[in-house]
Number of protein chains: 2
Amino acid sequence: MAKRRISKTKERQGGVVGQLAVCLLHEGMIDKAGNEVTTSLTLIDIHDISRSAKTYGLIHAYIAHPSLALHQLAMRLTSHWKEGYGSTYNPDRKSALDNMTALHTLEEIIDDLEKQTGKKPILVATSAKGGGGRTSYNQLKQSLHSDDNVYLLMLGTGWGMGDALLERAELFLEPIYGPGDYNHLSVRSACAIMLDRLMGI
Amino acid sequence: MAKRRISKTKERQGGVVGQLAVCLLHEGMIDKAGNEVTTSLTLIDIHDISRSAKTYGLIHAYIAHPSLALHQLAMRLTSHWKEGYGSTYNPDRKSALDNMTALHTLEEIIDDLEKQTGKKPILVATSAKGGGGRTSYNQLKQSLHSDDNVYLLMLGTGWGMGDALLERAELFLEPIYGPGDYNHLSVRSACAIMLDRLMGI
């Protein structure tokens, strides 16, 4: 991680604001006891993260779950709002979820994003835990406004991402803290804060 | 609303950081058709808002619901994590919910906050809709760092707070926007962003 130093010099081309995408992952997480696990799916995450991603102009939002049944559940939820009754009942929800795709793995997400943008995304890990080699929000924000890379923000579930996932990331964002030591935010809240810090006007 | 001009001069006394509290309201809301309604309770709001409030050092978080059954449900949820099995299973959740109280009405919240702090809180309305006479996040942040008032951030549900509630507020915060026009955030996400903007370090 933190293998890449982010550019502060290259000017944004073509007026595109923020080549940022986000993904919520469930495989390769850590549980309370420190074991590597696949976490369950929380449906409200799909709604909240897609709404935040749409608000902050992200190029796409993803959710990955390796379980066939839980992936199908995610698909059923999103299709209700994209094409089913929900699409006419609440078009704002449709608009957010049109920008969200449910896939199985991080590899599928990287491939899809590469197909959409023509670029291999730079993986950006996030964690509530502190540590060395972290990128500040200001550094990444500056980079999003000055280079033409595609950045993929990786969000974990459970007790956070395991080492195998963290080691794949090229950048590792600093944790979110308020005035004190407590920073046990929900992933939905943390995502909203991250996007506001990186893409807020 | 916006009757009070916030002070930018008075120095913070006693080193207290941020005399801010938050409440989530369900009575006096607007529905999709523009009618005034009482919205239902969403349990995940209680978790997410209490965790954000604890992270950003708020003096207290509240939820109000006038329905006896839904108030009892909120009490049951919070007591599971404060005193029940949840309190030992996940002490971080206990720590957040210890700072959250479920009451019936906004009046009860104001009374409780006044008992806790010895001061009548200044009500601060929030909305995703634009309009005149709004206070910016920077203005309120400056005030939180320079006067010794207690501010109570009012969060709405459904399609937002009705006029009767909005007119009780002395300040009205500007809406949260990203780079575009879409700003249909969940109340959980909006709360997290508000607290980060007001209390973030």
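Predicted model: local features only at pLDDT ≥ 70, side-chain atom pairs only at ≥ 80, totals over all residues.
Leaving aside neighbours within four places in sequence, Leu106(A) is in contact with Cys23(A), Leu25(A), Ala64(A), Leu123(A), Leu152(A), Met154(A), Leu165(A) and Arg168(A), where contact means heavy atoms within 4.5 Å. Residues are numbered from 1 along each chain as its sequence is written, chains are lettered from A and ligands numbered from 1 in the order in which they are written, and side-chain values use heavy atoms, with hydrogens and water left out.

To return to Leu106(A), this residue lies in helix H5 of chain A; helices (H or I, at least four residues) and strands (E, at least two) are DSSP runs, numbered from the N terminus. Leu106(A) counts as buried, at 6% relative accessibility. The term buried means under 20% relative accessible area, exposed means over 50%, and partly exposed lies in between, with a 1.4 Å probe and protein chains only. Between the C-alpha atoms of Leu106(A) and Leu77(A) there are 20 Å in space, for 29 residues in sequence.

Leu173(A) is placed in the loop between E8 and H8 of chain A. Is Leu173(A) buried or exposed? The relative accessible area of Leu173(A) is 0%, and the residue is therefore buried.

I turn now to the salt bridges. A salt bridge here is a side-chain nitrogen of Lys or Arg within 4 Å of a carboxyl oxygen of Asp or Glu. How many salt bridges does this rule give over all chains? The count comes to twelve.

In chain A, Arg168(A), which we met as a contact of Leu106(A), forms a salt bridge with Glu107(A) at 2.2 Å, N to O. Arg168(A) lies in the loop between H7 and E8 of chain A and Glu107(A) in helix H5 (residues 106–117), so the pair ties together parts that are 61 residues apart in sequence.

In chain B, Glu107(B) and Arg168(B) form a salt bridge, with their closest N and O atoms 2.2 Å apart. Glu107(B) belongs to helix H5 of chain B and Arg168(B) to the loop between helix H7 (163–166) and strand E8 (171–172), so this pair ties together parts that are 61 residues apart in sequence. Glu107(B) is partly exposed at 38% relative accessibility, and Arg168(B) is partly exposed at 36%. Salt bridges with shared partners also join Asp45(A), Arg188(A) and Asp48(B) into one network.

Which residue of chain B forms a salt bridge with Asp196(A)? The partner is Arg197(B), with the closest N and O atoms 2.7 Å apart. Asp196(A) lies in helix H8 (residues 187–199) of chain A and Arg197(B) in helix H8 of chain B, so the pair joins two chains. Asp196(A) and Arg197(B) are both buried.

In chain B, Asp196(B) is found in helix H8 (residues 187–199) and is buried, with a relative accessible area of 9%. Beyond its neighbours within four places in sequence, Asp196(B) is in contact with Ile193(A), Arg197(A) and Tyr56(B).

Finally, I consider the surface. Patches are made of residues with over 30% relative accessible area and no salt bridge, like charges being joined within 9 Å and nonpolar side chains (Val, Leu, Ile, Met, Phe, Trp, Tyr) within 5 Å. Tyr85(A), Tyr89(A) and Trp159(B) form a nonpolar surface patch, with about 350 Å² of accessible area together; such areas come from the Shrake-Rupley method with a 1.4 Å probe, and for residues only the protein chains shown count as cover. Tyr85(A) is in helix H3 (residues 85–89) of chain A and counts as exposed at 58% relative accessibility.
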